[in-house]
Amino acid sequence: MLFYNNWGEKMQKIKTFLIIFIGAFIGSNLRYGESLLLKSSNGFPYGTLVANLSGALVLPFLIHYLQDRYHLSSKIILALSTGLLGSYTTFSTFTADTYRLYQSGSWMMLIIYLTITIIGGFICALLGNYWAATRAFIDYAGRRNN
Amino acid sequence: MTFLLVGFGASIGAFFRNELTALSQKIKWDFPVITLLINIFGALLLGIFTAHVHAGGLLLFLGTGFCGGFTTYGTLNMELSQLWFQRRFFRCFLYFALTYIIGILGFIIGIHL
């Protein structure tokens, strides 16, 4: 996968990297900015939570609605889903936050953080799917009435 | 300047994630094993970096950047919701449990390595 035997393949990889680069650069810094902006005195990781939940909601909407609705090319989808939303949301920081809350003995915050991340993200993804289906249906109904 | 460290790190992480996800088309497993492995490995790496990297800038590049961009929570939940809508509840539960339990353990192992 990382070894290429011809020039065309190499160029294709560089192109893919640049497309992901643009999305990931923006997505990761949005997350980083939120973590700085929402830094709380009690150490609760609001930033990671907001980034993860909003990203989990928007990703299904992008894939199941926006992609078809605006005929987004595979390159745009690569930049927005794999690049931007993939880097905007994070799993590794979540595990680090969990360990930090555990170490500091903030049990209440730990339980709240785990619950919202594990259950909340899943619910957000379900809602994102329903949101996409609803919008697609409204568009369809609108076209039929015209 | 810190935004450059985060941005470059995340771009490399996301590129590696994309390369690995491309493999999942070749693996005919009916389970999102690639995302699972990416998240576990990323958490382990972040544990190692957190314990051993003390320069703030480098930790931003490797941790917030690379590991943050490499691992993903959006795709995880999208795949979970797909399993749910396909009514594959056992797989969905298994994916939940494996990701969160081994993921958190991975970070703890990493920090003690």
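Reply: What follows sets values against cut-offs, one label at a time.

Me: How do you know how far to trust the coordinates of chain B?

Reply: This is a predicted model. The mean pLDDT of chain B is 95. pLDDT runs from 0 to 100. In chain B, 100% of the residues reach 70 or more. For the model, ipTM is 0.94 and pTM is 0.92.

Me: What makes up the secondary structure of chain A?

Reply: Five helices and zero strands. Read from the N terminus, the order is α-α-α-α-α.

Me: Why is chain A called more spread out than a compact globule?

Reply: Set its radius of gyration against the globule rule. The value for chain A is 19 Å. For 146 residues the rule gives 15 Å. The value is well over that, so chain A is more spread out than a compact globule. Along the principal axes, its C-alpha trace spans about 55 × 55 × 25 Å. As for burial, 39% of the 146 residues count as buried.

Me: And what makes up chain B?

Reply: Chain B has five helices and zero strands. Its pattern along the sequence is α-α-α-α-α. Its C-alpha atoms fill a box of roughly 45 × 25 × 20 Å along the principal axes. Of its 113 residues, 47% count as buried.

Me: How many residues does each chain bring to the contact between them?

Reply: Chain A gives 40 residues and chain B gives 41 residues. On the side of chain A that touches chain B, H1 (7-37), H2 (46-69), H3 (74-88), H4 (92-103) and H5 (107-145) each supply at least two residues. The largest share of that side comes from H1(A), with eleven residues. By class, the side of chain A has 21 nonpolar, 18 polar and one charged residues.

Me: Why is H3(A) called largely enclosed?

Reply: Count its buried residues. The cut-off for buried is 20 or more other C-beta atoms within 10 Å. Eleven of the 15 residues of H3(A) are buried, so the helix is largely enclosed by the rest of the structure. Among them are A:Leu78, A:Leu80, A:Gly83, A:Leu84 and A:Tyr88.

Me: What do the buried residues of H3(A) pack against?

Reply: Elements of both chains. From chain A come H1 and H2. From chain B come H1 (2-23), H3 (56-70) and H4 (74-85).

Me: Which residues have the most contacts inside the largest nonpolar core?

Reply: The core has 52 residues. Those with the most contacts inside it are A:Ile20, A:Ala56, A:Leu59, A:Leu85, B:Leu46, B:Cys67 and B:Phe107. H2(A) gives the most to this core, with nine residues.

Me: Which residues does B:Leu46 touch?

Reply: Leave out residues up to four places away in sequence. B:Leu46 then touches A:Ser92, A:Thr95 and A:Ala96 in chain A. In chain B, B:Leu46 touches B:Gly63, B:Cys67, B:Phe107 and B:Gly110.

Me: Why is B:Lys28 called exposed?

Reply: B:Lys28 has 6, so it is exposed. B:Lys28 lies in the loop between H1 and H2 (33-52) of chain B. Its C-alpha atom is separated by 23 Å from that of B:Tyr73, 45 residues apart along the chain.

Me: What is phi at A:His71, and why is the residue called exposed?

Reply: Phi of A:His71 is near 50°. That is a positive value in a residue other than glycine. A:His71 has 8 C-beta neighbours inside 10 Å, and the cut-off is 12 or fewer, so it counts as exposed. A:His71 is found in the loop between H2 and H3 of chain A.

Note on methods: Residues are numbered from 1 along each chain as its sequence is written. Chains are lettered from A and ligands numbered from 1 in the order in which they are written. This is a predicted model: local features need pLDDT of at least 70, side-chain atom pairs count only at pLDDT 80 or more; totals for chains, interfaces and linings use all residues. Two residues are in contact if their C-beta atoms, placed from the backbone, lie within 7 Å. Helices (H or I, at least four residues) and strands (E, at least two) are DSSP runs, numbered from the N terminus. Ala, Val, Leu, Ile, Met, Phe, Trp, Tyr, Cys and Pro count as nonpolar, Asp, Glu, Lys and Arg as charged, and the others, Gly among them, as polar. pLDDT is the predictor's confidence in each residue, from 0 to 100. The radius of gyration is taken over C-alpha atoms; the globule rule is 2.2 Å times the number of residues to the power 0.38. A nonpolar core is a set of buried Ala, Val, Leu, Ile, Met, Phe, Trp, Tyr and Cys residues joined through C-beta atoms within 7 Å.
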